[in-house]
Amino acid sequence: MSFMKWTQEDYGTTVKFCDEQHQELFNRVNSLNTAVSGGERSDIGKSLDSLVEYVVKHFQDEEKLMEEKGYEDLANHRVVHAELVNTCTELQGKFHANEAEVGADTMTFIKDWLNNHIPIIDRKYGPVLSS
């Protein structure tokens, strides 16, 4: 069973491009969770790197679309994105320097963040970005 399951009902934004990227984010979160469950540090590192890389790409793509469509809350959205990227890259650096681990607490943080961001914050841009 997946750690996180994307469904249109729970996470859909009405913006096909963003929904597809969100589904890929969930795939990478699930891969990281599998690696964490397996306990192999090298697998965790690869999955963590893959997730962080995709988070950065997704946020850039999403913000570019918001800018193109004139989304009025873009500045606030950028701040929220930047905070997560900073948290992720800090953890990534500490993990690779053997100063931190990625475990159940990290996975709970990611799940909670996505559950609070996509259905609450991202859904707000649906009407503007899908027009």
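The sulfur of Cys18 has its closest cysteine sulfur in Cys88, 18 Å away, which is too far for a bond. A disulfide is a covalent bond between the sulfur atoms of two cysteines. Here the term means a pair of cysteine sulfur atoms within 2.5 Å. A search of the whole structure finds 0 of them.

This is a predicted model, in which local features need pLDDT of at least 70 and side-chain atom pairs count only at pLDDT 80 or more, while totals for chains, interfaces and linings use all residues. Residues are numbered from 1 along each chain as its sequence is written, and side-chain values use heavy atoms, with hydrogens and water left out.

Both cysteines are buried. Cys18 counts as buried because its relative accessibility is 0%. Cys88 counts as buried at 16%. Buried means under 20% relative accessible area, exposed means over 50%, and partly exposed lies in between (1.4 Å probe, protein chains only).

Now the whole chain. Its secondary structure comes to 6 helices and 0 strands. From the N terminus on, the elements run α-α-α-α-α-α. Helices (H or I, at least four residues) and strands (E, at least two) are DSSP runs, numbered from the N terminus.

How does the radius of gyration of the protein chain stand against that of a compact globule? With 131 residues, such a globule would have a value near 14 Å, and the chain has 15 Å, which agrees. The radius is taken over C-alpha atoms, and the globule rule is 2.2 Å times the number of residues to the power 0.38. Along the principal axes, the C-alpha atoms fill a box of roughly 45 × 30 × 20 Å.

Of the 131 residues, 42% count as buried. The chain exposes about 7300 Å², and carbon and sulfur atoms supply 50% of that. Accessible areas come from the Shrake-Rupley method with a 1.4 Å probe; for residues, only the protein chains shown count as cover.

Contacts come next. Contact means heavy atoms within 4.5 Å. Among contacts in the chain with a separation of 6 or more, residues 24 or more positions apart account for 71%.

Helix H3 (residues 41-69) gives several examples, and Phe59 is in it. Phe59 counts as buried, because its relative accessibility is 5%. Leaving aside neighbours within four places in sequence, Phe59 is in contact with His81, Leu84, Val85 and Trp113. Take Val85: Phe59 and Val85 are 26 residues apart in sequence, but their C-alpha atoms are 8.9 Å apart.

Leu65 also lies in helix H3. Leu65 is buried, with a relative accessible area of 15%. Not counting residues up to four places away in sequence, Leu65 touches Val15, Phe17, Cys18 and Leu129. Leu65 and Ser130 are 65 residues apart in sequence and 10.0 Å apart in space, C-alpha to C-alpha.

Ser47 is a further residue of helix H3. Ser47 is buried at 14% relative accessible area. Its contacts, leaving aside neighbours within four places in sequence, are Ser31, Leu32 and Ala35. Ser47 and Leu32 sit 15 residues apart in sequence, with 4.9 Å between their C-alpha atoms.

Phe3 has its place in the segment before H1. Is Phe3 buried or partly exposed? Phe3 is partly exposed, with a relative accessible area of 22%. Even so, Phe3 touches Val29, Asn30, Asn33, Met107, Thr108 and Lys111, not counting residues up to four places away in sequence. Phe3 and Ser50 are 47 residues apart in sequence and 17 Å apart in space, C-alpha to C-alpha.

Backbone angles come last. Most residues other than glycine have a negative phi. Thr14 has a positive one, near 75 degrees. Thr14 is in the loop between helix H1 (8-11) and helix H2 (16-38). At 54% relative accessibility, Thr14 counts as exposed. Asn98, not a glycine, has a positive phi of about 60 degrees. Asn98 is in the loop between helix H4 (74-96) and helix H5 (104-117). Asn98 counts as exposed, at 57% relative accessibility.
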